Amino acid sequence: MKEIKAIIQPFRLDAVIDALRRHPELPGVTISDVVGFGKQKALSTPDGQNVQVGAQAFAKKTKLEIVVDDDAVDEVVDLITRAAHTGNPGDGVIIVYDVLDKRRIRDGKQFGDA
Ligand SMILES: Nc1ncnc2c1ncn2[C@@H]1O[C@H](COP(=O)(O)OP(=O)(O)OP(=O)(O)O)[C@@H](O)[C@H]1O
Ligand SMILES: [Mg+2]
């Protein structure tokens, strides 16, 4: 089991979610508004996509967190990459982690059953 964390441009969220919803094994997605910076240091982000915190400018991004079985990882990563891609700096990053446990709160069931 793995967690896929994707930081994407907010305006690509609709396209990414549309693509994810078509995946037959997608168990769920958590979505957050986040800020950050990459190599561009948020300096070249278009107007309206930056937020000032004190003296610092950060780029507004959207974070997706998805826990999936190992066999679905490559497909989900490809799907996000294609849907989020513009080819410009700031398109974001995808990070994959090992997951130790996943449990459903409703009945305490673990892993694939949850
Ligand atoms: N190494 C990293 N660790 C954590 N978050 C990152 C990392 N690199 C990028 N991010 C996140 O992704 C967002 C977009 O960064 P991204 O890497 O796409 O832009 P960039 O580095 O400015 O340009 P480039 O497209 O050339 O990489 C950042 O604002 C930050 O939130
Ligand atoms: Mg970068």
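Start by selecting valine 34, which lies in strand β2, residues 30-36. Helices (H or I, at least four residues) and strands (E, at least two) are DSSP runs, numbered from the N terminus. Residues are numbered from 1 along each chain as its sequence is written, and chains are lettered from A and ligands numbered from 1 in the order in which they are written. This is a predicted model, in which local features need pLDDT of at least 70, side-chain atom pairs count only at pLDDT 80 or more, and totals for chains, interfaces and linings use all residues.

**Stop 1: strand β2**

Is valine 34 buried or exposed? Valine 34 is exposed, because 12 other C-beta atoms lie within 10 Å. The cut-offs are these: a residue is buried if 20 or more other C-beta atoms lie within 10 Å of its own, exposed if 12 or fewer, and partly exposed in between, with C-beta atoms placed from the backbone. Leaving aside neighbours within four places in sequence, valine 34 is in contact with Ile7, Lys61 and Lys63. Two residues are in contact if their C-beta atoms, placed from the backbone, lie within 7 Å. Now pick leucine 13: its C-alpha atom is separated from that of valine 34 by 13 Å, and the two residues are 21 residues apart along the chain.

Move to valine 35, also in strand β2. Valine 35 is partly exposed, with 15 other C-beta atoms within 10 Å. Apart from neighbours within four places in sequence, its contacts are Val51, Phe58, Ala59, Lys60 and Lys61.

**Stop 2: the whole chain**

Zoom out. The protein has two helices and five strands, and from the N terminus on they run β-α-β-β-β-α-β. The C-alpha atoms fill a box of roughly 45 × 30 × 20 Å along the principal axes. Of the 114 residues, 15% are buried. Among contacts with a separation of 6 or more, 70% are between residues 24 or more positions apart.

**Stop 3: helix α2**

Select residues 73-84, which form helix α2. This helix has 12 residues and reaches 16 Å from its first C-alpha to its last, close to the 16 Å expected at 1.5 Å a residue. The expected span is 1.5 Å times one less than the number of residues. Which residues of α2 are buried? They are Val76, Ile80 and Ala84. Seen down the axis of α2, the buried residues fall within an arc of 50°, so they line one face of the helix. The arc is that of the directions from the helix axis to the C-beta atoms. On the face turned away from the buried side, colour the exposed residues Asp74, Asp78 and Arg82. The cover over the buried residues of α2 includes β1 (2-8), α1 (13-21), β4 and β5.

Next, select alanine 19 in helix α1. Alanine 19 is partly exposed, with 17 other C-beta atoms within 10 Å. Not counting residues up to four places away in sequence, alanine 19 touches Leu79 and Ala83. The C-alpha atoms of alanine 19 and isoleucine 80 are separated by 7.5 Å, although the residues are 61 residues apart along the chain.

**Stop 4: the core**

In soluble globular proteins, nonpolar side chains tend to be buried together. Select Ile4, Ala6, Ile7, Ile8, Val16, Leu64, Ile66, Val68, Val76, Ile80 and Ala84: these 11 residues are the largest nonpolar core. Such a core is a set of buried Ala, Val, Leu, Ile, Met, Phe, Trp, Tyr and Cys residues joined through C-beta atoms within 7 Å. The elements giving two or more residues to this core are β1, β4 and α2. Strand β1 supplies the largest share, four residues. Isoleucine 4 is in contact with Ile66, Val68, Val73, Val76, Val77, Ile94 and Val96, leaving aside neighbours within four places in sequence.

**Stop 5: ligand 1**

Finally, show ligand 1. Of the 13 residues around ligand 1, Gly36, Gly38, Lys39, Gln40 and Pro89 come nearest. A residue is near a molecule if its C-beta atom, placed from the backbone, lies within 6 Å of it. Strands β4 (56-68) and β5 (92-98) are the elements that give two or more residues to this shell. By class, the shell has five nonpolar, five polar and three charged residues. Here Ala, Val, Leu, Ile, Met, Phe, Trp, Tyr, Cys and Pro count as nonpolar, Asp, Glu, Lys and Arg as charged, and the others, Gly among them, as polar.
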